[in-house]
Structure formats: C-alpha cells, structure tokens
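Please consider the following numbered points on the structure shown here. They are set out for a reader who is new to examining such models.

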Amino acid sequence: MLIKTSILLVTHSIASMSTKAASTLPQYSIQHNIQRIISQPTQHKQWPFTQQDLRRADETSDQHWYSQPRFVTHIDDQCIQALSNVYFQVFQDNDSVLDLCSSWISHFPVNQPTLSNVVGLGMNEQELARNPILDSFVVKDLNLEPKLPFEDNSFDKITNAVSVDYLSKPQEIFVEMHRVLKPGGLAIMAWSNRMFPTKVVDMWLKVSEEERVKIVQSYFLLCGAPFVDVVGYQMVTLGTDPLYVVVGRKRTQQEEKEFIIPKVEDDKSSL
Ligand SMILES: C[S@@+](CC[C@H](N)C(=O)[O-])C[C@H]1O[C@@H](n2cnc3c(N)ncnc32)[C@H](O)[C@@H]1O
C-alpha cells in the first residue's frame with residue numbers, strides 16, 4: 001500500500017460537479033462524473049523541468065525495487081471505480097490499448113467495450129502475468145531506457161494508472177507515447193495522492209495536488225510532441241482517495257495536414 005501524503009487537497013463538493021464546464025470539453029473525451037476541470041495548464045513554451053526536479057530520493061535500480069510482486073491495490077475501491085468509469089467513457093470497441101506502468105490490475109471497466117488488443121508494460125513479470133486483461137506484456141525499466149518497444153501508430157489508447165510520478169524521463173516517454181499512438185489516439189494519465197515517496201520525482205513532493213495536474217499537462221504540452229486537447233480533471237470519487245486525470249490527444253491525419261507550425265519564443269518565465 002502506498003503512503004498517503006499530507007499535501008493539501010483542494011476540495012470541491014460533488015454538488016459543484018461541472019456540467020456547464022463539461023459541455024465545453026472535446027466531445028471525444030470525458031463528459032461525466034467530473035468534479036472540476038483544471039485548465040490554464042502552463043505559461044511556458046519550452047520544457048521547464050530540471051534534472052533536480054526529476055531526481056528521486058532513491059536513485060537505486062527500479063528493477064531491484066520492483067523485484068518482488070505486490071498484489072495489492074494502491075487506491076481505494078471508490079477511486080478504482082471512478083477510474084474504471086473514466087476508461088469506460090473513452091474506450092471504444094476494437095481499441096488497442098497500451099497500459100503503461102502496468103501490474104496485476106489495470107482497473108479497466110467490467111462492462112467495457114470489446115478491446116482488440118491490450119498490452120501491458122511494467123516492471124514485475126509475476127504481476128503482469130497475473131493481469132487478466134492483458135493479451136501480452138513487456139517487462140521494461142523506462143527510467144533506464146525511455147523507449148517504448150512498439151511500432152509507430154500502434155495503439156488507440158494509452159493508460160497509466162497511479163504511476164506517472166515514477167517516470168524520471170517524462171519528456172522522452174511522452175514523445176514516445178505520441179509516436180506509438182495512432183492518429184486521433186488518446187493518452188490517459190491518472191493518479192491519486194498516494195505514492196512511494198522515495199521513488200517519485202522530487203518536484204512531485206513539493207507541490208500541491210492541483211499543481212501536479214499542471215505538471216502532467218506540461219508533460220503533454222511541452223515534451224516536444226504535438227499533443228492537443230490536453231485537459232486536466234479531478235473526478236468525483238465517493239471514497240477517501242481523490243482521482244486526477246489528464247488526457248492528451250494525438251492529432252488526426254486530417255488535422256496533421258492542416259496544421260501550421262507556430263513560432264516558439266524564448267521562455268524566460270519561471271515555473
Ligand atoms: C503504484 S504501481 C501501479 C501499478 C498499476 N498501474 C496499478 O494501478 O495498480 C507503480 C507501477 O509503476 C511501474 N513502474 C515504476 N517504475 C517504472 C519504470 N522505471 N519503468 C516501467 N514501469 C515502472 C511498476 O511496474 C509498478 O507496477
């Protein structure tokens with residue numbers, strides 16, 4: 001079980017569930033059970049994170065850390081339910097899905113659309129082998145080599161549950177995620193407020209929960225790959241653990257044809 005941090009949770013009542021805001025969302029994306037939308041992701045135009053931001057207190061091998069399987073759930077049942085509900089809203093029939101930082105459980109909805117191919121990538125073979133949703137899996141340390149061992153344009157969706165904070169080379173990984181997504185594909189990063197504190201990147205421990213959403217939005221927007229429709233959400237959960245989600249989309253082929261590259265200016269502002 002992960003340790004819960006004492007960082008302030010910005011509370012909004014379930015009654016404030018934002019149907020008004022939800023109606024302004026991209027129509028492909030999450031529409032229901034949104035507690036609030038976290039917008040205005042970043043003032044930056046270039047990657048703002050330093051090596052120190054991305055260091056971990058424990059820089060020993062992740063392979064060693066994950067060598068023993070952990071058949072536990074890292075968030076409470078209500079948070080899992082809320083995450084399944086997010087996936088239910090974005091998955092479509094015949095989607096091929098890459099579950100990054102996967103383990104024995106992926107939280108995919110029970111009554112899900114029929115997925116055509118689900119691939120897991122994680123650190124522990126025993127965990128991955130026990131995951132019933134996976135058609136296949138890869139054991140790989142992405143902090144050692146931030147490359148995804150898949151062809152370009154392979155997946156309709158990429159999921160990452162309660163693990164984005166463990167990625168110490170997020171810029172490379174987000175570029176790779178964009179590469180392996182099919183045109184129009186979505187990447188869905190989700191997390192709560194629990195963690196192995198010695199294994200998360202340093203800046204994650206120093207900011208509020210809302211600022212973590214902005215960090216992940218910045219991963220999408222400033223990694224160098226042209227993700228669009230990057231939206232941050234706090235979802236309604238009926239238990240103790242909050243659920244934050246950031247979704248980014250790869251442009252369709254049509255959008256790619258129409259796209260004009262904007263001029264990038266010097267970024268002198270601070271985080
Ligand atoms: C808190 S667990 C979450 C597992 C699963 N996604 C879930 O929701 O229960 C963190 C996961 O991140 C993955 N992970 C951590 N460091 C990693 C790395 N360097 N490369 C690849 N995966 C990593 C591990 O496989 C581990 O299962």
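1. In this predicted model, Val86 is in contact with Ile30, Ile188, Ala190, Met235 and Val245, once its neighbours within four places in sequence are left aside.

2. Val86 also has a place in the largest nonpolar core, which has 65 residues. Leu83, Val86, Ile188, Ala190, Phe220 and Val245 are the residues that touch the most other members of this core. In soluble globular proteins, nonpolar side chains tend to be buried together.

3. Helix H3 covers residues 77–90, 14 residues in total. From its first C-alpha to its last, H3 reaches 20 Å, close to the 20 Å expected at 1.5 Å a residue.

4. Which residues of H3 are buried? They are Cys79, Ile80, Ala82, Leu83, Val86, Tyr87 and Val90. Viewed down the axis of H3, these buried residues fall within an arc of 160°, and therefore they line one face of the helix. Their cover includes strands S6 (155–161), S7 (181–191), S9 (227–235) and S10 (243–250).

5. The ligand is surrounded by 19 residues, of which the closest are Cys101, Gly122, Met123, Leu142 and Ala161. By type, the shell around the ligand divides into 8 nonpolar, 8 polar and 3 charged residues.

6. Thr60 is found in the loop between strand S2 (34–38) and helix H2 (62–65). Is Thr60 buried or exposed? Thr60 is exposed, because 10 other C-beta atoms lie within 10 Å, and a residue counts as exposed at 12 or fewer. Although Thr60 and Lys199 are 139 residues apart in sequence, their C-alpha atoms are 9.2 Å apart in space.

Note on methods: Residues are numbered from 1 along each chain as its sequence is written. This is a predicted model: local features need pLDDT of at least 70, side-chain atom pairs count only at pLDDT 80 or more; totals for chains, interfaces and linings use all residues. A residue is near a molecule or strand if its C-beta atom, placed from the backbone, lies within 6 Å of it. Ala, Val, Leu, Ile, Met, Phe, Trp, Tyr, Cys and Pro count as nonpolar, Asp, Glu, Lys and Arg as charged, and the others, Gly among them, as polar. Helices (H or I, at least four residues) and strands (E, at least two) are DSSP runs, numbered from the N terminus. The expected span of a helix is 1.5 Å times one less than its number of residues. A residue is buried if 20 or more other C-beta atoms lie within 10 Å of its own, exposed if 12 or fewer, and partly exposed in between; C-beta atoms are placed from the backbone. The arc is that of the directions from the helix axis to the C-beta atoms. Two residues are in contact if their C-beta atoms, placed from the backbone, lie within 7 Å. A nonpolar core is a set of buried Ala, Val, Leu, Ile, Met, Phe, Trp, Tyr and Cys residues joined through C-beta atoms within 7 Å.
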